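Let's take a walk through this model, starting with charged side chains and ending with a sheet. Keep the structure open as you read.

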Amino acid sequence: MDARTRILARVRRALGGRPKALLPEHPHTPLPLDPVDLLLRRLKENGAEAERLPREEAQAFALSLAQGLPGAAFGKTLAEDLRPPLPELPPEEAPLGLSYALFAVAETGSVALSSEEGRRVQLLPPIHLVFVEAGRVYGTLLEALEDLKALPAALGLHSGPSKSADIGQVMVKGVHGPGRLVVVVLTGPEGPPDRPEGEKEGGG
């Protein structure tokens, strides 16, 4: 018998007869408000800008936000009908970044962004515009994770503009990311269904 087998056998003997720990009860209760209404309220409380728009108005909204700017950086999963006709700039040079959220959590006022979208677009431009489908707004994070068929390699939860008070306890925005977060909840039919991560257009 090798050392590993002996150690595991001793652990099993030591744990034998001990009662199993009970799992806690489900910690979440149904939210009293419509998830989209609560999301918009929480985002504003967090210091973000948030509103609900029909999907067909998304491009015009993005253009108005980009008025006077030289261009924007675009997330890799942003659908063409959400992408305004603006010059594309590298994220490190763009004053505006546009992303498409995987989902949103109403309870905390958070938008969830996949690593597939491109982290530089999410963090480097000083203004970040995020689109999320109304049908992908969940009451809690647990509900969202239970509904997902697969998780990306990494998932970022953005709950407002970047803020820090590390230096002298003075609140400063935009230190570790965008100083302005704008979230638009899209109503109406969703765009084309998402492709599985890693799958290419036209692939077999």
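A salt bridge here is a side-chain nitrogen of Lys or Arg within 4 Å of a carboxyl oxygen of Asp or Glu. Before we use that, a word on what you're looking at: this is a predicted model, where local features need pLDDT of at least 70 and side-chain atom pairs count only at pLDDT 80 or more, while totals for chains, interfaces and linings use all residues. Residues are numbered from 1 along each chain as its sequence is written, and side-chain values use heavy atoms, with hydrogens and water left out.

The structure holds eight salt bridges. Let's begin with Arg 42 and Glu 45, whose side chains meet in one of them at 3.3 Å, N to O. Both residues belong to helix H2 (residues 35-45), where they sit three residues apart, about one turn of the helix. Helices (H or I, at least four residues) and strands (E, at least two) are DSSP runs, numbered from the N terminus. How open are these two side chains? For that we call a residue buried under 20% relative accessible area, exposed over 50% and partly exposed in between, using a 1.4 Å probe and protein chains only. Arg 42 comes out as partly exposed at 24%, whereas Glu 45 is exposed at 52%.

Glu 49 and Arg 180 form a salt bridge between their side chains, 2.6 Å from N to O. Glu 49 lies in strand E1 (residues 49-54) and Arg 180 in strand E11 (residues 180-187), 131 residues apart. Both ends are partly exposed: Glu 49 has a relative accessible area of 32%, and Arg 180 has 31%.

Another salt bridge joins Glu 88 to Arg 83, with the closest N and O atoms 2.6 Å apart. Arg 83 is partly exposed, at 26% relative accessibility.

Strands of a sheet pair through backbone hydrogen bonds, either parallel or antiparallel. In what follows, two strands pair if DSSP finds at least two bridges between them. Look for an open sheet of four strands in the order E7-E4-E5-E8, with mixed pairing. Its edge strands are E7 (137-138) and E8 (155-158), each pairing on one side only. Strand E4 (residues 103-105) runs antiparallel to strand E5 (residues 110-114), and three bridges connect the two. Within this pair, Ala 104 stands opposite Val 111 in E5.
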